[in-house]
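Here are a few notes to read alongside the model. Keep the sequence open as you go through the points.

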Amino acid sequence: MSKATSCSVSLLSFAALLVGCSGGMSSPNQPLTPNMVQASLTIHDNPPMGVTVLSFDIEVTGAELRPSDSGKQPVSMLSEPEDIELEHLQTQSALLASRSVPTGTYSSLMVSFANPRMTIQNQTPNTLMLGSQSCLTQQICEFDPKLNQSSVTVQGSPFPITLTMNSPVVLKMDFNVDASVQQNDLSITPTVSLVQVPTTNSTGQQDEEDVEVVGRITSIDQNSVPHTFNVQTGMNGPSFTIATDNNTQFDFGTSCSTADFSCLKIGQIVEVEAKMRPDGSLLAFEVKLFQPPNQMSFGGTITSVSSGGSSFQIVLFDEEWFAGSEMGSFSMGAPITINLATPTAFSIDSGGFMLPSGLSFATPADLMAGQKVRLHPTGLPSGMPPNVTVTVDQVQLEPSDITGTITAINTASNPQTFTLGMLPAFFQNAKIMSIQVDVLSNTQFETEEDRMVSGLSSFKTGDTVSVRGLLFNTMTTPTMVAEKVVNRSMSFGTSD
């Protein structure tokens with residue numbers, strides 16, 4: 001397999017810590033009753049290698065915490081199944097649930113899965129047979145792989161875990177896509193591991209988990225202190241209650257000049273970057289508008305660009321924006337050809353970062369494979385899957401997630417940089433062998449266990465890292481401006 005995606009499921013954040021990135025939370029601030037403790041369930045990513053996995057979507061149908069006392073019943077963490085796309089979780093985590101569970105000692109966690117779906121690029125010299133479907137060399141193919149087993153029980157370290165009142169415990173579970181996708185037939189044998197994430201930092205203060213939530217605003221409470229709003233994920237997913245404060249940044253572009261809580265409207269689709277506090281509540285540090293009510297935008301990863309730059313191909317990562325709309329219904333990971341209208345506006349979602357000089361995203365010449373973009377269509381799509389075409393008049397550059405190996409570090413440059421090599425075969429196929437990563441003063445560095453580290457000096461050549469940031473088509477070597485760098489030091493254990 002080529003490096004693509006494996007999902008680190010930050011799974012059980014007991015006593016109030018959880019991580020989010022496209023999962024959901026039904027009631028993040030449930031009042032705790034005696035002998036109960038807040039538990040949270042999240043999912044996160046870590047990366048595979050031969051065939052490139054462009055999109056990996058799987059349904060998490062259940063998660064049961066098993067008491068050490070066999071006379072006690074397992075505790076279900078999920079109120080309903082959650083559909084999770086793993087490719088974009090290399091530096092983020094997806095929240096699945098947060099609920100009160102009984103105090104006590106637990107010996108294992110059983111997680112069940114269903115309905116995996118993949119989009120791959122066949123970079124072998126041969127035609128692949130995916131069930132009854134053939135996938136030609138260099139072709140992008142969407143298919144439903146066989147699920148060899150539906151559940152995994154995680155036991156051993158860090159179990160047994162004893163949950164007590166007012167004692168936060170955070171567990172992160174990795175769904176290792178590389179190990180889960182079988183080489184011979186691309187079927188799925190779920191491979192997961194678990195690590196306990198520290199809830200206090202080196203100074204003894206409580207850490208707060210980063211959470212990303214994408215969904216539709218369903219209610220707004222401007223009278224509460226602090227102000228809150230609810231976001232529903234997916235078409236019928238769970239809802240998050242999210243608080244704001246004076247430090248919350250609102251990125252609504254030209255659609256709302258006040259850039260404050262008043263910009264929020266019911267029906268908007270937003271991306272929320274938040275901190276999960278020790279009591280399980282979410283506090284937004286950034287709210288970004290994806291699309292106004294009843295308007296359409298969608299996003300995807302560029303897989304190829306035409307020689308003239310007037311069109312490019314993406315794989316879709318915004319299934320919910322198509323499903324049930326007049327645009328038609330397309331699955332996550334569907335390949336779509338994008339034609340550029342005349343004129344087309346280009347923009348950058350900088351997220352408050354001051355970009356180094358010389359980086360541009362203003363014309364079709366700035367497009368490249370691997371970039372993530374958000375698009376505004378001018379009309380309905382044409383054609384039938386897998387040959388669907390959409391014309392757009394707006395292209396916005398969004399942060400990408402890339403996993404590779406540090407091959408060189410330059411702390412003397414301004415900005416500091418490192419070279420990311422051993423890239424996924426997807427990039428190598430596009431003749432991209434390395435990427436220069438620019439490190440800014442507000443670039444976030446952390447370990448797989450969510451420990452913050454001091455900066456680039458904490459890393460060394462040979463480290464495998466996942467980088468989230470804006471990817472630019474610069475001369476000779478592409479440049480990525482890093483928002484976050486995660487050291488993929490976590491080792492995968494065994495599970496039964």
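Is Cys-256 buried or exposed?

1. Cys-256 is buried, with a relative accessible area of 14% (buried means under 20% relative accessible area, exposed over 50%, partly exposed in between, with a 1.4 Å probe and protein chains only). Its disulfide partner is Cys-263, with the sulfur atoms 2.0 Å apart (a disulfide is a pair of cysteine sulfur atoms within 2.5 Å). Cys-263 is buried too, at 3% relative accessibility. The torsion about this S-S bond is about -85 degrees, so the link is left-handed.

2. A quick word on the source: this is a predicted model, where local features need pLDDT of at least 70, side-chain atom pairs count only at pLDDT 80 or more, and totals for chains, interfaces and linings use all residues. Residues are numbered from 1 along each chain as its sequence is written, and side-chain values use heavy atoms, with hydrogens and water left out.

3. The structure holds two disulfides. In the other, the sulfur atoms of Cys-135 and Cys-141 lie 2.1 Å apart, and the link is right-handed, with 95 degrees about the S-S bond. Cys-135 counts as buried at 0% relative accessibility, as does Cys-141 at 2%.

4. Do look at the barrel: five strands close in the order β21-β22-β23-β25-β24, with mixed pairing (strands are DSSP runs of E, at least two residues, numbered from the N terminus; two strands pair if DSSP finds at least two bridges between them). Strands β24 (residues 372-377) and β25 (residues 388-398) pair in the antiparallel sense over six bridges, and Val-373 stands opposite Leu-397 in β25.

5. Finally, of the 496 residues of the protein, 56% count as buried.

Conventions:
Helix = DSSP H or I, 4+ residues; strand = E, 2+ residues; numbered from the N terminus.
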